Amino acid sequence: MDFAQNTLDGLTSGAAYALLAVGFTLIFGTLRRANLAYGACILFGVYIATWVAQRSDAGLATLALVAVAACVLAGAYVERLCFAPHRERRGNQVASGAGIAAMVASFALWMQFEEAATLLLPRHMYAFPALYEGAPLALGPLSLRVEAIVLFAATACLLAVLWLVLQRSRFGVAVRALIDDPLAAGLCGIPVARVFALVFALASAIGGIAGFLVVAAHGQVTPHLGMWATLKGMLAMMIGGLGSLPGAVLGGFLLGLLESHSQWYLGPQSRDLIAYLLLFTLLALRPGGLASWMTRWTSTRSAS
Amino acid sequence: MDEYTIGVLTNIGLFSFIALSAYLLLLAGELSFGQQAFFGIGAYVGGIGTALLGWPLPLAALAAMAAGAAAQTLVGLPTLRLRGLYFAMATLAAAEMIRIVLELIHFQRVVDGALVGPDGTQGFRGIRWIFEHGIEPAAFLALVWSLLACVVLLLAWIERSRLGAVVRMVGEDPELAAVLGIDVGRLKLGVAAVAGALAALGGVLFAHVNTYVEPRNFDIMLGVHSLAYALIGGLGTVFGPLLGVALDIGALESTRLFHGYRMIVFGGVVALILVWRPRGLLDERAVDWLGRRLWRRTP
Amino acid sequence: MKRFIAFALFAGLALPAQAAHPEAKVDCKAAGDKYVYDCMIRLSQDGKPLTGVEVTVGADMPTMPMAHSVKPAKAKPGKDPGMYHVRIELEMHGEWALKLQLSGAVRDLIVVKQQFGDEGSGHAGQKMQMK
C-alpha cells in the first residue's frame, strides 16, 4: 500500500513539475534558449500575490490572476532584455555566443528578481491562503489531499487547453512551425518576433498558475520557490527530452514518481541524488530523453 | 591595509580561480554549470590533507588539484558528445550529485583534542593549518595572489601559443577543427582536467582561509555566478574573468555602493552589458583593439 | 593501533600547534534598525574564559560564501572575563556564518552559524526543502 500511496503523492508533485517543464519547453522549443529566469518570474508573481493577500481580502481566484499577471509582466521584461536582443538568425546553437549571453543574462535577471522579492517580503516564510482547509480524503487505505486533486485537475485542464491552442488555432500552428524550423517559419511570413513574445507570455502564464497552485496547496511561500521551480522544471524538461512538449509532461510526472518513491525507500537526500543520477545517465546515454523513444508527435529536428 | 580590504581582496582571488575554470571551458565551447563541485572537492580533499592527515599545505593543495582534475575528467568522459544546454545540465547534475555525496560523508577523527573532519551537512570544521603555522591574513593574501598570478601568466602564455588558438577553434567550430585533424575529444578532456584543477586550487585555499566549509557553500549559485563573471569580464583574454569578479565583489559589493540593492544593480548591469557585448567586456574584439593601440608604435 | 600510529605521525609532522582550540557561544538580539544586531560572545579555551584577545566579527552566508561583505566589527570586552559584545549589520534575514577573528593572546578563527530573524539569532537549523 505504501507503493500506491507514494505513487499518488508522486503524481501530485509530478503535475506541478509537468507544468513547469511545459513552460520551459515552450520557451526552449521556440527560442532554442533556456530561460534561467523562469523560476524567478514565478517567484515574483507568487510574491506579488502574497503581498496582495496580506493587504486585502482578495479571494483565491483574484490572487491567482494577480500571480499570473505579475509573472507575465516579469516574463515580458526578461524577454525584452535577455532574449529579443540576442536573436540568432542562423541555426539553433545554444552554445553559440548569443545563446550563452542570453542564458547568462537571464541568470542575472533571476538574481534581480530574487533580491526584489526578498526586499518586498524579507521573511523566510509567509502564509498563503490555502486551497482547502480540511482533512485529506480517505480512499480506502490511501489518503488523498483535496489540494492534490485540485492541482491535478487544474494541470489536466491547462494541458488540454494548451493542446487545443497548439493544434487548433493559427497561433498554435505558428508556434509549432517555429519549433520545427524557425528559419522556414520566418520565410513563410510568420511574424516571428511577435510569436516569440506571445509564447513567452503563454509560458509565463502557465508558470504563474503552477506557482500559485503549489503555494496554495502548501499554504506557505518561501524564497526557495525560485530555485526549486527552475531546478525541477529544467530537470523534468531534460528527462522528457529537450524541445518536446509531450516529453515535458511525461518527464514531469516521471520525476515526481521517482522522487516520491526514492524518498520513501532511501531518504530525502537520496531522492535528489537519484533524480540527478537519472538525468546524468540519460544525458550520457540518450540525450534525446523520453521523447526520443516516442515515435509520434516529437519534433523532427534534434534540439542541440 | 585593514582587515576588511585584505578579506575582500582574498575573496576576489579565490573567486577568480573558479571563474577562470569556467572561462577555460567556455573557450572550448562548453557551458558548465558545475565548476562549484570541483571547488568543493578541492576544499574537502585539501582540508582532509592538512587537518586529518597532517600534510603541509602545498602537498594538500597538489592532492586537491589532482582530485579536481580527475573528477572533472571523469565527468567529462561520458559527456564528451554533449553540447550546449545538454552539457550544461549534465554538469549541473554531476555537480549536485557530488554535493549531495559531500552531505553524506561522515568521517571524523579526534585530532588535538577536538573532533575534526567532514560531518555531512554540518560541514567540515577545524581546517586550521594557517593558524597553526602563524600565517597572517596579509601573508595568505600574498600567497593567493601569487598563485593566481602564476596561473594567469601561464594561461596568457598558452593563449598566445598554438594550443590557445586550437582551443578557441574547437570552441568556435568543433566540426571544422575535427576536419583539420584536431582530436577534439582529447583536447576537451585536457581543458576539463585543467579547469578542474584550477577550481580545486581555489577550493583548497578557500577551505583554509575559512577554517570551515560545508556542502552548501558549493551549490549552484556559486557555479553560475562564476560563469557569469567569466562571461561578463570577457572571453577574449585571461584577464576577463578577473575583471568580472572584481566588478561584482570588488566594486559593487565591497564599496557597499548599492547596499541592499546590489544584486538588482549588478543583474541589470550584466544583462545590459551582454546586450551590447555578448562575449563580455574584454571580448576578442576589445582585446584586439587594445592590442593594436598598445603596440601601434612597434614596427 | 592504526589510530595511534596516525596520531603519532601527525604529531611528528606538525609544527608546534596550539594546545586546545578556543570555543565561542554567540547570542544576538535585534537592535532596532533593520538587520542590525547586538551580539554577546562568550569565549573560552580549555573550559576557562578567554581574555586578552581582540575579536573582530565578520559574517558570510553559507550559500554564497565570498559574496556578501559584511563590514567586520571590532568587539568590545564585556564586564565578565571572556565576554565580548559587538554590533553587526547584516544584509538580510536567514542563516549566517559568523566569523570571529581572534588576535592578540590567541590567534584563531571561529565560525559560528546562527539563524537571524526579526528578534535575534537562534541556533541554525537544517535547510528547508521545498517538498
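Two residues are in contact if their C-beta atoms, placed from the backbone, lie within 7 Å. That cut-off defines the interface discussed below, and the model it is applied to is a predicted one.

Start with the meeting of the two chains. Chain A puts 37 residues into the contact, and chain B puts in 32. On chain A, four helices each supply at least two residues to the side that touches chain B: α3 (60–83), α4 (97–120), α9 (225–240) and α11 (268–285). The most comes from α4(A), with 15 residues. Sorted by class, this side of chain A holds 27 nonpolar, 7 polar and 3 charged residues.

B:A271 counts as buried because 25 other C-beta atoms lie within 10 Å, and the threshold for burial is 20 or more. Neighbours within four places in sequence aside, B:A271 is in contact with A:L81, A:C82, A:A105, A:A108 and A:L109. Within chain B, the C-alpha atom of B:A271 is 9.1 Å from that of B:I232. Those two residues are 39 apart along the chain.

Step back to chain B as a whole. It has 13 helices and 3 strands. Its C-alpha atoms fill a box of roughly 65 × 45 × 40 Å along the principal axes. The radius of gyration is 19 Å; a compact globule of 299 residues would have a value near 19 Å, so the two agree. Buried residues make up 59% of the chain. Take the contacts in chain B with a separation of 6 or more: 76% of them join residues 24 or more positions apart.

Return to chain A and to α3(A), one of the helices on the side that touches chain B. Two packed helices are described by the angle between their axes and the distance between the axes. For α3(A) and helix α8 (residues 192–218) of chain A, the angle is about 140 degrees and the axes are 8 Å apart. The pair is therefore oblique: an angle has to be over 145 degrees to count as roughly antiparallel. The crossing of α3(A) past α8(A) is right-handed.

Which residues in α3(A) meet α8(A)? Among them are A:L60, A:A64, A:V68, A:C71, A:G75 and A:E79. From α8(A), the residues they meet include A:A197, A:F200, A:S204, A:G208, A:F212 and A:A216. By class, the residues of this helix contact divide into 17 nonpolar, 5 polar and 1 charged.

Note on methods. Residues numbered from 1 in each chain as written. Chains lettered and ligands numbered in written order. Predicted model: local features only at pLDDT ≥ 70, side-chain atom pairs only at ≥ 80, totals over all residues. Rg over C-alpha atoms; globule rule 2.2 N^0.38 Å. Buried ≥ 20, exposed ≤ 12 C-beta atoms within 10 Å, placed from the backbone. Nonpolar A, V, L, I, M, F, W, Y, C, P; charged D, E, K, R; others polar. Axes fitted to C-alpha atoms, helices over the stretch in contact; angles between N-to-C directions. Parallel < 35°, antiparallel > 145°, perpendicular 65-115°, else oblique. Left-handed = near helix turned anticlockwise from the far one by under 90°.
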